[in-house]
Every structure is written in C-alpha cells, then in structure tokens.
Amino acid sequence: MTSFRISRRKLADFYADQLLAGKKDVATQLAAYLIETNRLREVELITRDIEAALATRGVVVADVATAHELTPATKDAIETYLKRATRASSVQMKVSVETDLLGGLRLKVPGSEMDATLQRKIMKLRAAKV
Amino acid sequence: MNILTQFSSTTESSGNVFSALGIDWKLLIIQIVAFLILVWILKRYVYPFLIKSVDERQAKIEESTQAADNAKAKAEAAEKDIEKLMVRARKDAKDIVATAKDEATAAIEAAEAKAVTRADKIVASAKEQIDKDVIAAQKTLHNQTIDLVASATEMILGSTVDSKVDQKVVAKAIEDVR
C-alpha cells in the first residue's frame, strides 16, 4: 500500500468534513493512516487541528474539567454559554472530573482557555508571594 | 796693717770730733768709695736683672690680673648669655608646649569628629541592616501567611465543597464570564 504524506491542515480539514458528514469509521481510518505513515507522535496536534477545523465549520469541541460530576442543568448552561461565546451551531463537550480542581470549571476550546477553578484561584494566591 | 794704722794716726791728728765719735775719715772715704763702687756694680750688673725680673713678674701679675678680669668679664658675659638663653629656652619651651597643646587639641577634635562620623556610619549601616531584616521578615511573614491561607483554604475547600456547592460555583463562573 502506497502512502503519501499529507499535511496536518489538509488531514484536519478532511476528517472534519468526514465527521460532519456523519461517517463513523473516521477515527479508525485516521488511526490506521497515522500508524502507516509513522506519525503517531502527531496525534495530539492533529486532534487539535481537527477541532479547530470543526470550529470553523460551526462545531466546537470543548474540554470541560470539573471537580465533581456536572448536573444536566449545569451542562446545559455551559453549552449555552459556549454556543454564544464561540457563535457555534453545535457544541461537543468532553467532560472530565479532576478532584484536584477543588471546585469551579476549566474550559478549553480551540484557540482559548478559561480556568475558573478554585485550584487556579489558590495558585494565584500563592503566586502573590514576594 | 800699716795703712790702717796710718789712717788712724791721721784721724787723730786732724780732728777730734770724728775721733771722739770713733770715725775714721779715711776709712770712711774708703768705705764710701767702696760703697759707691758696689752701688755702681749693682746698678750696672745686678739691678738691671733684678728690675727686669721684677718688671717681668709685675707684667705677669698684671697680665694674670688682666686675664682674671677678662675671665671674670667673660664669665659675667657668659652668665648673661646663659640667662638670655635660659629666657629664650623657657620661651621656646612655652611655645612648644603651647603648640603641642594646640596640636593635641586639634588631633583630639579630629579624632572625635572621625569617631562621630564612624559612629554615624555604623548607626546608619545598622539601621539599614535592621530595615533590610525587617523587610525580609515582613516578606517571609507575608509568604508564610499566604502559604498558610492557601493551604488552609485548600483543606477547607476540599472538605466543604461538595457537588451541590460546586454546581453553584460553576454557575457563578459562567455568569461572571458572560
């Protein structure tokens, strides 16, 4: 099987379009390609590029980290906020629980990050040391 | 002997007064002549030496006297000079003592000024060091307080923030960024 090296941007655009088209084996396809082309080290970068490509197409993938499980109401509030802030038509949230955050939430969307956790506030307090 | 007897006999014959007095003219004349001759001889050969010797002695005595006078005068002059020197020496000594006192006073004043300056420097340095120490202590206290507050806050939040409270915190965070 002959493989060509495709740029990350082109890969991201292609797979973003595939995802939006509703194809379900996209992830497997991408993984196979990366293994074959020995580009596994670029997984993180390509994932980020795909998220950025999706964002330009009105789909925002957001990493949401909290100290406790979110209630559906809170999830809705976050989604609403993200849609309005990014002007996206659709928001996909990857929620994770990190007890070290103590409270609050950390949002990561392509191109920006918001850290409103209590851990961050304590870190800022510690950073005030002279 | 004949001559003597001849004079004696002549005297007896020429005058009775001298004979009565026991004076023999001839013998007297001879004695006078002899005496004159003696005087002449003395004057001619003895006296000049004696007189010269006396004169020399007198000159020596006068010279000695003069020398003694001179020495006395010199001694007096020397004594006056010594007195003058003593006066001058006392004056010089007084001046030296006064100068030394002035110099000592000046040296003491300079040393005092130097000591005051040094003391001021030491005090300023100590004050500066104390200020630095105070600032360092304040910083340490500040940092320790922050650490303590952060640790305490962390502990309290860890035990008090439950899911319900956290939902409120999240909602508040979203509300704040809107």
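This is a predicted model: local features need pLDDT of at least 70, side-chain atom pairs count only at pLDDT 80 or more; totals for chains, interfaces and linings use all residues.
Residues are numbered from 1 along each chain as its sequence is written, chains are lettered from A and ligands numbered from 1 in the order in which they are written, and side-chain values use heavy atoms, with hydrogens and water left out.

View 1. Helices (H or I, at least four residues) and strands (E, at least two) are DSSP runs, numbered from the N terminus. Arg39(A) counts as buried, at 2% relative accessibility; buried means under 20% relative accessible area, exposed over 50%, and partly exposed in between (1.4 Å probe, protein chains only). Its side chain is joined to that of Tyr33(A) by a polar contact of 3.4 Å, a term for a pair of N or O atoms within 3.5 Å where, within protein, one must be able to donate a hydrogen and the other to accept it, and where residues adjacent in sequence count only if both atoms are side-chain atoms. With neighbours within four places in sequence left aside, the contacts of Arg39(A) include Arg5(A), Arg8(A) and Leu11(A), contact meaning heavy atoms within 4.5 Å.

View 2. Arg57(A) forms a salt bridge with Asp13(A), at 3.6 Å between the closest N and O atoms; Asp13(A) lies in helix α1 and Arg57(A) in the loop between α3 and β1 of chain A, so the pair ties together parts that are 44 residues apart in sequence.

**View 3. The contact between chain A and chain B.** Chain A gives 23 residues to the contact and chain B gives 23 residues. The buried area, which is the accessible area (1.4 Å probe) that two parts lose on being put together, summed over both, is about 2,100 Å², with 67% from carbon and sulfur atoms. Between the chains there are 3 salt bridges, one of them joining Glu154(B) and Arg126(A) (3.5 Å, N to O). Asp147(B), in helix α3 (residues 25–160) of chain B, is in contact with Arg126(A) and Lys129(A), leaving aside neighbours within four places in sequence.

**View 4. Nonpolar cores around Ile78(A) and, separately, Tyr15(A).** A nonpolar core is a set of buried Ala, Val, Leu, Ile, Met, Phe, Trp, Tyr and Cys residues joined through side-chain atoms within 4.5 Å. The largest has 17 residues, and those with the most contacts inside it are Ile78(A), Leu82(A), Leu105(A) and Leu107(A). Not counting residues up to four places away in sequence, Ile78(A) touches residues including Val64(A), Met93(A), Val170(B) and Ile174(B). A second, separate core has 14 residues, among them Tyr15(A), Ala16(A), Ile50(A) and Val61(A).

How values were computed: A salt bridge is a side-chain nitrogen of Lys or Arg within 4 Å of a carboxyl oxygen of Asp or Glu.
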